[in-house]
Structure formats: C-alpha cells, structure tokens
Amino acid sequence: METIDIFKNIVFELRNWYAQEKNVSISDFNDINDFTILKLIKLHFFVVAINSENNADLLYKNKFVAMPFGPVETTIYDEYKRTTDFDQFYFQGDKLIFNDNTSVPFIEEPLKTSIIYSIDLLKKFEPRLIVANAGSLVSLTHTWNSWKKYYNLAIHKGKFSEPIPPEAIISDLKIVNLNFI
C-alpha cells in the first residue's frame, strides 16, 4: 500500500533526524526515542504539508481528516488501529522499535526526494520539531487554518472528524515554529 510505504519512508528519515539531533547512533535509537504514534502522525503531517504549495505529490498520496488532536492521515491511523506492527518497526508503549536489519520499503524516487526535501525544510524552519513532545506537536497543528476550519465543521455537524481537502492544506500558512504555541 503506497500510503503506508510513504509513511514508513518518512519514519526512517525522521529516525535519522532524531539520532542526528540527539547526537546518538541509529543503534541507540530504540532505547531513547519518544516516537509515539501520535508524535509520528503529527510529524508525518508536517513532512507531507510543508512543501505542498510547490510540490503536492506527497499530499495527494495521503488523505487527512481533522480530528480532535489535529490532522490525521486515515490510512495510517486505520493500519495502526489494526496492528501496531508495521513490519520494519512496531510501537511498544511510548517508543518506536525498529526491527533488526530492516530496510526502507521502495517508493518512487520523486516521492523519496520530496520526503528528504520536506524534512530538510522542517530542519531549517524549526530544528527543535523532531525533539518536541507529542502534545506540543498537536498544539502546533491546531494553529493551522485547514485544521481549524474542518474540525469546526465536524463539530457543527455533530461529528469528531471531517476530511480536509488537499487544497486547504496547500493554501494554508505553514506554521511549524514551536514559538507559536
């Protein structure tokens, strides 16, 4: 499933960023990370959305909905509810654990390049993003107008979620600076 493989590629790149930011080896990542599913879903949103006005390829491969804790990609969330094991890694409490000798699933090169470019943008705009806690990342997503508009629409309809059209994310002000929360 392409959306899940894109997510896995993003998680691998986020692991690299985290290890770099914490100045630890990849082999120590499993022992020290704080990658909950909530944190990863928020970071995934930022990676997919940050450069969407210039290149929306990643965005169009994902389906985001506005939920109480911010934008959530439905395919990833449904897969997590089905199983916490994503083959290359799994969730154990408040940590993400990579399986030994695992490799990144194949995705098309333009998508891989987009992921790396988006993460580089996030590093440039807010290097602390990778070490922020999940609650801070949720608060940051709540500053995005695309989430506000469609979550308020959901509440108005008596629901807890509402699809966010890609165009709303593309045209949104891309707030990733933790000083805004």
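Trainee: Which residues does F89 touch, leaving out those up to four places away in sequence?

Mentor: In this predicted model, F89 touches F7, K8, V11, F12, T84, L96, I97, F98 and N99. F89 also belongs to the largest nonpolar core, which has 57 residues. Together with L14, F46, L96 and L129, F89 touches the most other members of that core.

Trainee: Where is Q88 found, and is Q88 buried or exposed?

Mentor: Q88 is found in the loop between α5 (74-82) and β3 (89-92). Buried means under 20% relative accessible area; Q88 has 11% and is therefore buried.

Trainee: With which side chain does the side chain of Q88 make a polar contact?

Mentor: The partner is the side chain of K8, at 3.1 Å. Beyond its neighbours within four places in sequence, Q88 is in contact with several residues, including K8, F12, T102, S103 and P105.

Trainee: Let us turn to a helix. Which residues of α8 are buried?

Mentor: The buried residues of α8 are S146, W147, Y150, Y151 and A154. They cover an arc of only 110 degrees around the axis, and therefore lie on the same side of α8. The face turned away from that buried side carries the exposed residues K149, N152 and H156.

Trainee: What covers the buried residues of α8?

Mentor: The cover includes the strands β1 (64-67), β2 (70-73) and β5 (162-163), along with the helices α7 (134-141) and α9 (166-170).

Trainee: How many residues does α8 have, and what follows this helix?

Mentor: Helix α8 has twelve residues, 145-156, and reaches 16 Å from its first C-alpha to its last, close to the 16 Å expected. G158 follows α8, and its phi is positive, near 75 degrees.

How values were computed. Residues numbered from 1 in each chain as written. Predicted model: local features only at pLDDT ≥ 70, side-chain atom pairs only at ≥ 80, totals over all residues. Heavy atoms only, no water. Core = buried A, V, L, I, M, F, W, Y, C linked by side-chain atoms within 4.5 Å. Buried < 20%, exposed > 50% of the residue type's maximum accessible area, 1.4 Å probe, protein only. Contact = heavy atoms within 4.5 Å. Helix = DSSP H or I, 4+ residues; strand = E, 2+ residues; numbered from the N terminus. Expected span 1.5 Å × (residues − 1). Arc of directions from axis to C-beta. Polar contact = N/O pair within 3.5 Å; in protein donor to acceptor, adjacent residues only side chain to side chain.
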